[in-house]
Amino acid sequence: MFYKVAILCVLLAVATGYQIKSQHKKHDACLVTCAGWTEPGKGFLKYSDGKNSYIDVSMAHCGFIDTPAIVSTLHGSSSHWQATGGSAIYTPTRDSFRTYLYHSSGSYALAVSKAWSIQYIAVGYVC
């Protein structure tokens, strides 16, 4: 349900031009929506506590010229509903962002074994 709400928020922002146009004042033809996901169960790195994890998500294929607006969600085969952090964006750039995941049982092992992935939608300028 959350991802549907997040997608609707991004689409509403694009449709109304909320903040994106007013901040950049660039041509509408340059504004694009790009979506993607990480490979399930891959790319997760152990956080310093040794149990939880983070992942750097690449958006380089989108071709943004500036940091876009990003909405992300955690997807998986099981236990991802108990994790937190999948929608929290850290260190966003035009090409990537980072997400930290926490689970009371430790997110690293679950991310790998339950094929977790980060899915995202980003809205930004390409020219």
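Reader: Is the link of Cys34 and Cys62 left-handed or right-handed about the S-S bond?

Author: This is a predicted model, in which local features need pLDDT of at least 70 and side-chain atom pairs count only at pLDDT 80 or more, while totals for chains, interfaces and linings use all residues. Residues are numbered from 1 along each chain as its sequence is written, and side-chain values use heavy atoms, with hydrogens and water left out. Cys34 and Cys62 form a disulfide (a pair of cysteine sulfur atoms within 2.5 Å), with their sulfur atoms 2.1 Å apart. The angle about the S-S bond of Cys34 and Cys62 is -75°, and the link is left-handed.

Reader: Which parts of the chain does the pair of Cys34 and Cys62 link, and how many residues apart are they?

Author: Helices (H or I, at least four residues) and strands (E, at least two) are DSSP runs, numbered from the N terminus. On that basis Cys34 belongs to strand E1, whereas Cys62 sits in the loop between strand E3 (53-58) and strand E4 (69-75). The pair thus links distant parts of the chain, with a separation of 28 residues.

Reader: Why does the disulfide of Cys30 and Cys127 count as left-handed?

Author: The sulfur atoms of Cys30 and Cys127 are 1.9 Å apart, and the two residues form a disulfide. The torsion about their S-S bond is about -100°, so this disulfide is left-handed.

Reader: What does the pair of Cys30 and Cys127 tie together in sequence?

Author: Cys30 lies in the loop between helix H2 (20-24) and strand E1 (31-37), and Cys127 lies in the segment after strand E6 (117-125). The pair therefore ties together parts whose separation in sequence is 97 residues.

Reader: Is Cys127 buried, partly exposed or exposed?

Author: Buried means under 20% relative accessible area, exposed over 50%, and partly exposed in between (1.4 Å probe, protein chains only). Cys30, at 10% relative accessibility, counts as buried. Cys127 has a relative accessible area of 46%, and is partly exposed.

Reader: What is the pairing when the bonded cysteines of the chain are numbered in sequence order?

Author: The count comes to 2 disulfides. With the bonded cysteines numbered in sequence order, the pairing is 1-4, 2-3.
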